[in-house]
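Here is a short report for a first look at this structure. Start with the sheet, then turn to the confidence scores.

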Amino acid sequence: MKRFIGSVLLLVIIGAYMISCEKDDICAEGTPTTPNMVVAFYNDENRGAYKPVANLKYFVEGQQDTISVGQVDSTALVPLRVDSPSVKWGFKYTHTSDTGQKLEDIDYIEFKYVTRDEYVSRACGFKTVFTLNSSLPGNVNPVLTGSTWLKDVQIENPEILNEDETHVRIYY
Amino acid sequence: MKRTSGFITSLLLLASLGSWAQQDVQLTNADTVTTKFSVAQSEQRYGLRVGIDLHRLTRSFYEDGFRGLELVGDYRLTKKIYAATELGNVTFNVQDDRVDFTTKGTYLKIGFDYNAYENWLDMNNMIYFGVRYGFSTFSQRLNAYTVYQNSDISDSDTTDNYFDDVTRYPGQDYKGLSAHWVEFVGGMKAELFSNIFLGFSVRLNTLLVNKKPVGFDNLYIPGFNRTYDGSFGVGVNYSLSYFIPLYKKQNKPKEVTPKEAAPKAKSGR
């Protein structure tokens, strides 16, 4: 009888535990979710060579939030809007002129793309991946506006599925 | 809310077990007096037991988005072995942080229970272990999801994603889904009143076949429950069932002579 009551108690406890506990999992770090576009900066005079940018800042046109890259780097992660087929980023380059004057150059690049949502997992939900539109005569992509410091933009890899490779080259 | 009601149900069950235990004690006293007689005369009742799962029924009332019904049944084959089945239908709207979906479907489980409990006299209580083969056909509707963005670039002025959350409402249906699984059951059934049984069981499930939709997942399967907490699914039911007696069998009447019955009663019963 004792063994009976014991086993019933055990069953009840296990059962109560099973209905009451709900695991609250969060999207694990490192899971491939919505990728950012990887842009690489190249030397306009020597097109095969990286040219790291110091004090690079960038922001979406019309927005206050600015992403600033602390270290001098030749690549930057640029987020794309998942709810729009295009986004226009302003790239700000701070440098000192020969006369010792501090200069801020801002050029805009508009990126046009199509989005596609993909299921990842329950905790991460869905991610959005992007395909940059091909650059056609009369419908150039990306669109560079102003050229105070940026000279040219070229698509290297239109499929933005992860952040492992460069998608866009910027020459300056 | 969920936790509280689960606890209350457990308490109710415990209370009912208390009365069952008392019943047992009374029989013990009676038994010492008439051991020989009762063993010789003890009859096993055979029949069909049909019932309903109280857990899913009550959950339909207290939990928004859940509507479920499970019918349970078992049929006694031998002294210890029962053929058992569960038939259910569930509509469940799951609203997670990231995804909101509705699963709708029907399931059937068939298998056996082995009663490991030695009953007194002609009682029919059970502590059992069993196995089931489970099958479910269902559909999923993806109501909404929030895109997981990862635009919190390091060194940025912002601490959150650069862009605001974007929630989409696709309302996409994924039909013709199915799953097969094996279920291990442990449980008990106690006769509260004449022919009325209250049962409780816990279940561990493991999927054999899971036909997932393209572009989404089966996060919930009717009858199997959640599919994402490790490799095993879990389930419970609290059944209230009615026993329909069909026939009685004498408990090995030929073997039991008064001489043999006495030691047997001491050791086993």
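## A sheet in chain A

In chain A, four strands form an open sheet with mixed pairing, in the order S4-S1-S11-S9. Strands (E, at least two residues) are DSSP runs, numbered from the N terminus. Two strands pair if DSSP finds at least two bridges between them. At the edges lie strand S4 (75–78) and strand S9 (152–155) of chain A, each pairing on one side only. On average, neighbouring strands of this sheet are turned by 25° against each other, direction ignored. Axes here are lines fitted to C-alpha atoms, and angles run from 0 to 180 degrees between N-to-C directions.

This is a predicted model: local features need pLDDT of at least 70, side-chain atom pairs count only at pLDDT 80 or more, and totals for chains, interfaces and linings use all residues. Residues are numbered from 1 along each chain as its sequence is written, while chains are lettered from A and ligands numbered from 1 in the order in which they are written.

Strand S1 (residues 37–42) of chain A pairs with S4(A) in the antiparallel sense, over four bridges. Two bridge partners are listed here.

| Residue | Bridge partner in S4(A) |
|---|---|
| A:Met37 | A:Val78 |
| A:Val39 | A:Ala76 |

Side chains alternate along S4(A): A:Ala76 and A:Val78 point to one face and are buried (20 or more other C-beta atoms within 10 Å of their own).

## Confidence

The complex has an ipTM of 0.81 and a pTM of 0.76 from the predictor. Chain B averages a pLDDT (confidence in each residue, from 0 to 100) of 80. Over residues 11–40 of chain B, pLDDT stays under 50. Where pLDDT is low, predicted coordinates should not be read in detail.

Notes
pLDDT = per-residue confidence, 0-100. Contact = placed C-beta atoms within 7 Å. Buried ≥ 20, exposed ≤ 12 C-beta atoms within 10 Å, placed from the backbone.
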